[in-house]
Amino acid sequence: MNSSHEEVRQACSAFEEYFKGFYSPSFLQTEFFVVTDEIPKPDFPESREAGLGDFIDMDIGGITYNDTYYVKKDAANELRLHFHELAHVVQWRELTPQGFIERYIREVQDFGYDEAPLEKMVYALDGHYQKHGRHLSVEQFVRDNL
Ligand SMILES: [Zn+2]
């Protein structure tokens with residue numbers, strides 16, 4: 001999926017000034033985002049059978065696949081959303097793609113989307129950013145709290 005979007009993806013270093021003190025420039029340089037009308041969803045029969053139907057049908061502003069996240073055009077100016085998806089990128093990195101996917105699916109099954117620990121961690125971080133909380137390294141925070 002990411003390879004089919006390679007031409008339209010943008011480097012996250014665009015957010016270097018906004019996310020100073022939270023994401024390192026070297027991290028932002030290696031991650032990408034795509035602005036799109038349609039968020040690509042993991043819509044295959046197995047995920048519905050796994051009880052993820054509600055999650056798949058949810059109207060979301062963004063989604064992350066490894067080093068690239070996708071945001072809807074009408075939400076593309078929301079810094080908090082970019083901050084949120086970037087924290088997922090860190091989770092993907094730390095857990096490896098396979099590890100992230102397995103854990104994420106298990107958490108959504110066990111706790112539901114709102115209470116899934118991987119989501120709660122990220123919402124806590126983007127809320128902190130939104131409230132102009134003190135600087136903290138998201139990369140370090142995720143590493144320490146997984
Ligand atoms: Zn999320």
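# Close-up views of a predicted model

**View 1. Leu-125 and its surroundings.** Leaving out neighbours within four places in sequence, Leu-125 is in contact with Phe-83, Ala-87, Leu-136, Val-138, Phe-141 and Val-142. As you explore this and the following views, please keep in mind that the model is predicted. Leu-125 also belongs to the largest nonpolar core, which has 25 residues. Tyr-23, Tyr-69, Phe-83, Leu-86, Leu-125 and Val-138 are the members of this core that touch the most other members. Two or more residues come from each of α1 (25-29), β4 (68-72), α3, α5 and α6 (138-145). Of these elements, α3 gives the most to the core, with six residues. Another core lies apart from it and has 17 residues, including Val-34, Ile-60, Tyr-104 and Leu-118. As background, nonpolar side chains in soluble globular proteins tend to be buried together.

**View 2. Gln-91 in helix α3.** Which residues does Gln-91 touch, not counting those up to four places away in sequence? They are Phe-100, Leu-118, Met-121, Val-122, Val-142 and Leu-146. Gln-91 is found in helix α3. Is Gln-91 buried or exposed? Gln-91 has a relative accessible area of 0%, so it counts as buried. One of its contacts, Leu-118, is 27 residues away in sequence, and the two C-alpha atoms are 8.0 Å apart in space.

**View 3. The four-stranded sheet.** Here you can follow an open sheet of four strands, in the order β1-β2-β4-β3 and with mixed pairing. The edge strands, β1 (10-11) and β3, each pair on one side only. Strand β2 (residues 32-36) pairs with β4 in the parallel sense, over five bridges. Along this pairing, Phe-33 stands opposite Tyr-69 of β4, while the bridge partner of Val-34 in β4 is Tyr-70. How many of the five residues of β4 are buried? Four are, and this strand is mostly covered. In general, the strands of a sheet pair through backbone hydrogen bonds, in either a parallel or an antiparallel sense.

View 4. β3 and β4 run antiparallel and are joined by four bridges. Gly-62 has Val-71 as its bridge partner in β4, and Thr-64 stands opposite Tyr-69 of β4. Tyr-65, in strand β3, has a relative accessibility of 14% and so counts as buried. Tyr-65 and Tyr-23 are 42 residues apart in sequence, and their C-alpha atoms are 18 Å apart in space.

**View 5. Two loop residues with positive phi.** Two residues separate β3 from β4 in the hairpin, and Asn-66 in the turn has a positive phi of about 60°. Asn-66 has this positive value although it is not a glycine. At 31% relative accessibility, Asn-66 counts as partly exposed. Thr-96 sits in the loop between α3 and α4. Its phi is near 70°, again a positive value in a residue other than glycine. Thr-96 has a relative accessible area of 43%, so it is partly exposed.

**View 6. The largest pocket and its lining.** The largest pocket has a volume of about 540 Å³. Which of its 29 lining residues lie nearest the centre? They are Phe-55, Ile-63, Thr-64, Tyr-104 and Glu-119. At least two lining residues come from each of α2 (45-57), β3 (62-65), α3 (79-95), α4 (97-111) and α5 (117-130). Helix α3 gives the most to this lining, with six residues. By type, the lining divides into 18 nonpolar, six polar and five charged residues.

Methods:
Residues numbered from 1 in each chain as written. Predicted model: local features only at pLDDT ≥ 70, side-chain atom pairs only at ≥ 80, totals over all residues. Heavy atoms only, no water. 1 Å grid on protein atoms, 1.4 Å probe; cavity = no way out; pocket = protein on both sides within 12 Å on 5 of 7 lines; lining within 4 Å. Points joined across faces, edges and corners; volume = space filled by probe spheres on them. Nonpolar A, V, L, I, M, F, W, Y, C, P; charged D, E, K, R; others polar. Core = buried A, V, L, I, M, F, W, Y, C linked by side-chain atoms within 4.5 Å. Buried < 20%, exposed > 50% of the residue type's maximum accessible area, 1.4 Å probe, protein only. Contact = heavy atoms within 4.5 Å. Pairing = 2+ DSSP bridges.
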